[in-house]
Amino acid sequence: MTSATLLTPARSSTRPDGTASSSNSIRGAQRAYVRTLVVLDATVLTLAVLAGYAARFGEAAPRGTHVPYVLVAPGLVLAWLLSLKAMRCYDDRVIGYGADEYRRVSMASLRLAGAVAIAGYIADVGVSRGFLAISFAVGLVGLELARFAARKRLHRARSAGTGWSRRVLVVGDTAHVLELVHTLRREPYAGYQVVGACIPDALLAPVAQRLGDVPVVGSFRGIPEAAAAIGADTVAVTASGELTAARLRRLGWQLEGTGIDLVLAPALTDVAGPRIHTRPVAGLPLIHVEAPEFRGIRKLVKGLVDRSISLVALALLLPLLVVIALAIKLNSRGPVLFRQIRVGQGGREFGVFKFRTMVVNADALLAELAARNETDGLMFKMRDDPRVTRVGRLLRKWSLDELPQLVNVLLGQMSLVGPRPPLPSEVARYDGDVARRLLVKPGMTGLWQVSGRSDLSWEDGIRLDLYYVENWSLAADLTILWKTFGAVVNSRGAY
């Protein structure tokens with residue numbers, strides 16, 4: 001039976017009708033991307049081995065050893081590539097999205113390093129340990145950076161509609177189909193292009209139907225045929241009362257040998273992989289979902305890391321902070337810092353520090369500008385807010401106005417990464433779900449900032465904040481901090 005997973009990358013199929021050319025084109029683009037990865041990896045590994053040799057021996061040939069490095073170096077590169085292949089680092093189910101690609105690259109490199117060390121010790125081969133250590137260190141970092149660069153290029157191509165993506169046939173009730181289509185289209189860079197839908201037989205009409213702009217191409221009785229007709233290489237099954245366990249099992253049998261993947265999209269959404277564990281019980285793949293963690297040793301470590309980094313950052317950025325303060329003072333009358341009451345963890349209010357970017361009577365002018373609000377929800381945002389000063393626009397563009405919040409982090413009122421700190425007026429209008437944002441400390445940056453900031457809708461901003469609250473981790477924090485630099489440099493959503 002074709003394996004059913006949570007939105008696992010798909011494999012293309014070959015079809016006899018007119019859609020085969022589209023499938024072949026996608027498959028060709030996918031293979032070209034894999035070939036590019038192989039070339040990138042081989043180049044990186046070759047440079048890493050040369051760097052290891054040069055750092056250990058310099059330009060002179062190694063003395064006092066009979067080890068033929070002219071053979072060892074290319075052999076190490078070949079073994080490394082085979083290790084990457086064995087760990088399925090070129091599998092289309094892994095590449096292009098998610099953290100599993102990076103994890104597999106690291107595991108392949110570390111396992112090979114361990115195997116080489118053990119083999120060298122047992123065989124008593126005199127290969128320089130310095131050469132190996134430098135080669136593996138440079139190679140591992142280089143591989144991850146090369147994969148990151150290749151993925152970013154692929155994501156840009158997918159967002160522009162030119163990169164290879166999986167062609168998805170969505171199967172389920174109309175409401176769940178529309179919800180899954182919206183979810184997949186929210187992140188086009190993930191590589192799932194919905195090309196059709198199959199709905200229950202009772203809802204199928206004798207005339208052409210569409211769910212939004214997605215064509216309905218069949219019912220539950222002919223899912224494999226519908227997938228072949230539209231050139232789909234993935235069948236994504238969402239919730240439906242008619243799709244019983246027996247019908248799903250039979251659908252898996254029908255898709256065997258077609259090259260079409262079967263994936264299951266559960267109703268449970270916005271739960272990160274580390275909280276999900278699949279455990280077979282009595283033939284059922286039960287999905288165990290761990291509860292979010294809001295206390296414990298990891299929280300203590302997060303707080304220690306936050307305060308340590310903020311203290312170091314304040315010391316290093318002190319000259320820049322002084323220059324910004326002078327610029328604000330010379331540009332307009334009023335205080336340098338702006339202290340605003342925000343709501344933190346557990347609903348406790350605190351004063352958040354920011355460099356002043358507006359005129360001193362900005363709050364008094366808000367009522368006059370309320371009708372020109374350019375965002376939905378509870379926030380007020382304007383791209384050309386007349387209250388913002390000349391220096392303030394520059395500070396906002398590069399997010400420099402938020403640097404004083406490092407003091408809030410040092411005081412334990414905020415975290416480096418977390419949800420956006422809300423105003424008391426916003427919190428007063430929260431419903432039960434949105435109030436979960438207050439279970440953790442607000443952050444200087446977060447998923448909302450690296451995903452578009454002010455360009456996001458209120459709903460998307462809340463969704464990202466709640467996702468962070470439910471799935472935070474130290475590794476995710478480091479990733480968000482890394483992405484923040486890119487968001488700040490590109491000035492995405494900054495106004």
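1. Helices (H or I, at least four residues) and strands (E, at least two) are DSSP runs, numbered from the N terminus. Arginine 88 sits in the loop between helix 2 and helix 3. Its phi is positive, about 60°, although arginine 88 is not a glycine. Arginine 88 is partly exposed, with a relative accessible area of 40%. Buried means under 20% relative accessible area, exposed over 50%, and partly exposed in between (1.4 Å probe, protein chains only).

2. A word on the basis. This is a predicted model, in which local features need pLDDT of at least 70, side-chain atom pairs count only at pLDDT 80 or more, and totals for chains, interfaces and linings use all residues. Residues are numbered from 1 along each chain as its sequence is written, and side-chain values use heavy atoms, with hydrogens and water left out.

3. Serine 399 is another non-glycine with a positive phi, about 60°. Serine 399 belongs to the loop between helix 10 (390-397) and helix 11 (405-410). Its relative accessibility is 10%, so serine 399 counts as buried.

4. The largest nonpolar core has 31 residues. Such a core is a set of buried Ala, Val, Leu, Ile, Met, Phe, Trp, Tyr and Cys residues joined through side-chain atoms within 4.5 Å. Tyr33, Leu45, Leu76, Trp80, Leu84, Phe131 and Leu143 have the most contacts inside it. Two or more residues each come from helix 1 (20-57), helix 2 (69-86), helix 3 (100-123) and helix 4 (129-159). Helix 1 gives the largest share, eight residues.

5. Look at phenylalanine 131. Leaving aside residues up to four places away in sequence, phenylalanine 131 touches Val49, Gly52, Tyr53, Arg56, Phe57, Tyr69, Val72 and Leu76. Contact means heavy atoms within 4.5 Å.

6. A second, separate core has 26 residues. Among them are Leu314, Leu321, Leu447 and Trp448.

7. Helix 6 (residues 223-230) buries Ile223, Pro224, Ala226, Ala227 and Ile230. These residues lie on the same side of helix 6, because they cover an arc of only 165° around the axis. The arc is that of the directions from the helix axis to the C-beta atoms. Their cover includes strand 2 (166-171), strand 3 (192-199), strand 5 (214-219), strand 6 (234-237) and helix 7 (245-255). Glycine 231 follows helix 6, with a positive phi near 75°.

8. Valine 301 is in helix 8 (residues 297-331). Valine 301 counts as partly exposed, at 34% relative accessibility.
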